[in-house]
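Here is a short report on selected local features. Please keep the sequence and the 3D view open while reading.

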Amino acid sequence: MSKHANLEEIEVIEESGMSRFFSRYRTHLTALATLAVFCMVGFAIEQLTTEVRYDDVVQALADTKISSIVLALFFTALSFLALVFYDVNAIDYVGKKLPFPQVALTAFAAYAVGNTAGFGALSGGAIRYRAYSRLGLTPEDIGRVIAFVTIAFGLGLAGVGSIALLAIADEIAPLIDVSSWVLRLLGGSIVLVLAAGVVLGRGGRAVSIGRFSLRLPDSATWSRQFLVAAFDIAASATVLYVLLPQTAISWPVFLAVYAIAVGLGVLSHVPAGLGVFETVIIAALGSAVNIDAVLGSLVLYRLIYHVVPLLLAVLAVSATELRRFADHPVASGFRRIGIRLMPQLLSTLSLLLGVMLIFSSVTPTPDSNLEFLSNYLPLPIVEGAHFLASLAGLALVVAARGLGQKLDGAWWITIFSAAAALMLSLLKAVALVEASFLAFLIFGLFVSRRLFRRRASLLNQTLTASWLTAIAVVCVGAVVILLFVYRDVDYSNELWWQFEFADEAPRGLRAVLGITIISTAIAVFSLLRPATTRLEPATDEALERAVDIVEKQRYADANLVRMGDKSVMFSDKGDAFIMYGRQGRSWIALFDPIGDRSAMPELVWRFVETARAAGCRAVFYQISPALLSHCADAGLRAFKLGELAVSDLSTFEMKGGKWANLRQTASRAQRDGLSFEVIAAEDVPGVMDELAAVSDAWLADHNAKEKGFSLGAFTPDYILAQPVGILKLEGKIVAFANILITGAKDEGTIDLMRFSPDAPKGSMDFLFVQIMEYLRAEGFSHFNLGMAPLSGMSKRETAPVWDRIGSTVFEHGERFYNFKGLRAFKSKFHPQWHPRYLAVSGGGNPMIALMDATLLIGGGLKGVVRK
């Protein structure tokens with residue numbers, strides 16, 4: 001047997017073909033569905049705005065009062081103040097205390113990114129994960145915070161919208177052509193469901209639905225959070241309401257329309273609800289307000305509520321990066337969090353400005369600006385600047401993903417693209433606002449230059465389905481805008497070859513064609529990745545280097561590199577390494593990086609980058625909490641795997657009541673005639689045949705085969721590398737365990753522990769006790785008893801789904817594996833329990849990653865089924 005977690009012994013349950021198909025391609029199918037929804041929305045907008053002309057929209061923008069803009073900014077501030085308290089309430093709900101300034105900055109940045117980039121639970125969740133892990137929250141706590149704020153917003157939106165429907169159904173019904181009694185029935189049903197939740201949740205009671213159990217927030221939490229959500233939604237709705245021209249629609253009616261529009265935008269999965277939100281607002285208000293005025297107000301709303309907070313977040317974090325502000329305690333705390341937030345903020349800003357450049361390439365330049373340019377620049381320069389500015393915008397969109405991952409190549413591409421776009425924006429249209437925004441991005445990049453140190457090839461980055469969807473949405477959006485702006489221009493082939501200062505339509509047409517062609521090439525390049533490469537085990541030279549590093553550090557499990565069945569990736573200085581293997585499309589790293597701890601961040605990143613370049617997901621298996629923040633920085637999500645048992649040898653002695661059972665077991669073993677001995681590594685060859693006989697008998701008796709990866713196997717080179725503890729009965733070896741140690745003499749452990757069928761009962765306990773006493777006598781401080789899988793998973797109703805499933809399997813999964821028995825056996829030695837995690841890149845499915853790890857350990861599907 002092995003002291004490690006035999007997760008490979010869990011049964012493999014075959015999914016149906018259709019379920020497997022949807023599970024495997026869920027992300028891609030969702031992306032296609034999102035793109036289809038956006039295309040339909042684009043068509044709807046085109047139909048709804050048939051009588052609207054671009055010049056009318058521009059005039060409506062110009063007619064907006066300064067007082068309305070100031071009011072919109074004020075209500076935006078109120079909305080974001082309320083959004084901060086989503087996180088405050090969530091952290092209080094999970095029972096933690098964090099400094100308010102850091103929580104406020106994190107929440108503000110998370111919502112600034114989530115509102116702008118869309119996919120709030122993912123984009124904003126990634127920011128929370130990086131920041132709150134720095135502040136000491138566990139992955140389980142952060143998952144609960146993200147779930148709380150996501151559900152709280154959804155329920156708040158549903159509550160506000162349904163109450164509004166009840167109150168003003170007669171006024172809303174004509175706007176959306178639905179009977180008022182249907183609206184009241186819908187609103188009343190939602191209110192009743194929410195009220196039932198409040199009643200059932202009194203005192204934090206749990207509610208069970210089938211196999212699932214959920215602890216509802218208590219009434220005070222419900223009430224407090226609903227007030228926060230209502231205030232937020234009311235304030236954000238008012239931002240758009242004050243920008244609209246005077247209308248017969250009352251504010252309560254508009255609030256209901258706004259809540260519906262936001263809800264449908266979220267459900268559509270289109271980034272930031274772009275187009276979906278606008279379509280609902282136009283459809284609802286088109287009969288009461290001029291559509292050109294509505295469109296102008298919507299443009300201003302997006303700028304004020306989405307762009308301004310993002311710029312403020314970048315500015316706030318940039319200020320903390322300036323050293324002269326870092327001495328103040330509050331600023332110092334901001335700076336620690338800012339290190340985690342800045343890459344995501346700059347990534348979102350780069351994405352936003354790239355979209356701005358692309359959309360501006362299909363809209364006309366003001367006549368006065370064109371006239372000014374015609375006096376100083378020849379037409380070819382203006383035409384070239386217009387076309388190249390759109391391509392620079394596409395470069396900013398593509399590089400945005402690399403910025404979020406702190407790539408040095410992405411930083412350089414963004415700097416050059418932004419600088420070029422700044423110059424081109426002046427040459428093509430004297431676009432001072434665009435130039436100012438681009439200058440702001442360049443400022444933020446220079447201030448945070450030290451954060452982008454990860455050397456990686458941006459060309460080797462595989463754009464995920466969500467990023468490809470975002471690029472596709474931008475391209476479709478550009479086409480929709482082009483058709484809207486130039487709807488009065490009759491298409492003809494001659495348009496492509498018209499080059500005049502006054503000919504704006506051909507210029508926009510060429511820009512869209514260039515963007516579409518290059519975007520398609522990028523998508524094809526990302527999707528048609530080369531086949532995954534076959535990993536080769538480490539060479540003899542690499543193994544020698546790795547073993548040298550192992551001998552200088554404290555973790556005994558690192559000796560598993562001696563198996564030679566894993567590949568090895570060394571740090572730049574050669575003072576640390578990662579050992580890993582591949583199963584399916586998973587590159588699986590075993591344990592934390594081994595060696596110098598300062599090499600961990602870059603080694604983690606390089607592993608993730610290399611796996612991604614090979615078209616695979618990066619997985620870290622059985623990692624400690626110390627690695628979680630580095631995994632979060634590399635975009636990995638962590639899931640609790642179990643707990644590692646470590647005994648303190650300095651307090652280990654077979655005296656006292658708590659050791660009575662083990663003491664009796666050891667005495668009985670000695671009476672049975674068992675004797676213990678440690679065979680030094682150089683003397684192991686003399687007993688190799690006897691050890692092999694015991695191992696073969698154990699395998700045959702358990703109908704098992706040798707494992708690998710996180711478990712040792714009985715191979716000569718591996719067994720001969722370290723000392724072996726043996727038990728003899730009447731001069732014959734009946735049990736043994738190889739002892740894993742390092743030169744640091746801090747931690748010892750065992751891997752293989754096998755006994756023959758005729759070994760007396762209790763031999764295992766006796767062997768453990770004797771090895772622990774031997775290690776203590778040799779000056780070792782700790783004994784690693786290995787991991788108990790699924791142990792210590794949270795049983796609370798508010799725990800993440802992963803934890804609840806793991807806890808259920810631990811309690812009731814004895815037919816698959818002796819989870820509780822293994823925990824009970826290790827508990828005999830009164831260890832300290834340390835959490836261990838599984839980390840998966842790119843939002844990958846943890847069950848797929850865990851199954852790949854299981855197959856890798858078991859030697860494939862046949863090995864898992866056979867055990």
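Gln622 sits in strand β6 (residues 617-623). The model is a predicted one. Phi of Gln622 is near 60 degrees, a positive value in a residue that is not glycine. Gln622 is buried, because its relative accessible area is 4% and the cut-off for buried is under 20%.

His830 also has a positive phi, about 50 degrees, and is not a glycine. Its place is the loop between α28 (819-827) and β13 (832-841). His830 is partly exposed, with a relative accessible area of 36%.

## Salt bridges across the chain

How many salt bridges does the structure hold? The count is 16. Three of these pairs are described here.

The side chains of Asp92 and Arg224 form a salt bridge, 3.5 Å from N to O. This pair links distant parts of the chain: Asp92 belongs to helix α4 and Arg224 to helix α9 (residues 219-243), 132 residues apart. Asp92 is partly exposed, at 37% relative accessible area. Arg224 is partly exposed too, at 33%. A network of salt bridges links Asp92, Lys97 and Arg224.

## Two further pairs

Glu551 and Arg562 meet through their side chains in a salt bridge of 3.1 Å, N to O. Glu551 is in helix α20 (residues 540-551), while Arg562 is in the loop between α20 and β3 (567-570). The two residues are eleven apart. Arg562 is buried, with 18%.

Arg754 and Glu706 also meet in a side-chain salt bridge, at 2.8 Å from N to O. Arg754 lies in strand β11 (residues 747-755) and Glu706 in the loop between α24 (688-701) and α25 (716-719), so the pair ties together parts 48 residues apart in sequence. Arg754 is buried, with a relative accessible area of 4%. Glu706 is partly exposed, with 24%.

## Packing of α15 and α16

Two packed helices are described by the angle between their axes and by the distance between those axes. Helix α15 (residues 379-404) packs against helix α16 (residues 408-429) at an angle of about 155 degrees. Their axes are 8 Å apart.

Why do α15 and α16 count as roughly antiparallel? Their angle is about 155 degrees, and angles over 145 count as roughly antiparallel. The two helices are therefore roughly antiparallel to each other. The crossing of α15 past α16 is left-handed.

Leu81, Phe85 and Phe100 make a nonpolar surface patch of about 280 Å². Phe85 lies in helix α4 (residues 66-93). Helix α4 also holds Asp92, the salt-bridge partner of Arg224. Phe85 is partly exposed, with a relative accessible area of 33%.

Glu278 lies in helix α11 (residues 276-285). Is Glu278 buried or exposed? Glu278 counts as buried, at 10% relative accessibility. Glu278 and Leu298 are 20 residues apart in sequence. In space, their C-alpha atoms are 7.1 Å apart.

Note on methods
Residues are numbered from 1 along each chain as its sequence is written. This is a predicted model: local features need pLDDT of at least 70, side-chain atom pairs count only at pLDDT 80 or more; totals for chains, interfaces and linings use all residues. Side-chain values use heavy atoms; hydrogens and water are left out. Patches are made of residues with over 30% relative accessible area and no salt bridge: like charges are joined within 9 Å, nonpolar side chains (Val, Leu, Ile, Met, Phe, Trp, Tyr) within 5 Å. Accessible areas come from the Shrake-Rupley method with a 1.4 Å probe; for residues, only the protein chains shown count as cover. A salt bridge is a side-chain nitrogen of Lys or Arg within 4 Å of a carboxyl oxygen of Asp or Glu. Helices (H or I, at least four residues) and strands (E, at least two) are DSSP runs, numbered from the N terminus. Buried means under 20% relative accessible area, exposed over 50%, partly exposed in between (1.4 Å probe, protein chains only). Axes are lines fitted to C-alpha atoms, for helices over the stretch in contact, and angles run from 0 to 180 degrees between N-to-C directions. Angles under 35 degrees count as roughly parallel, over 145 as roughly antiparallel, 65 to 115 as roughly perpendicular and the rest as oblique. A crossing is left-handed if the near helix is turned anticlockwise from the far one by less than a right angle, and right-handed if clockwise.
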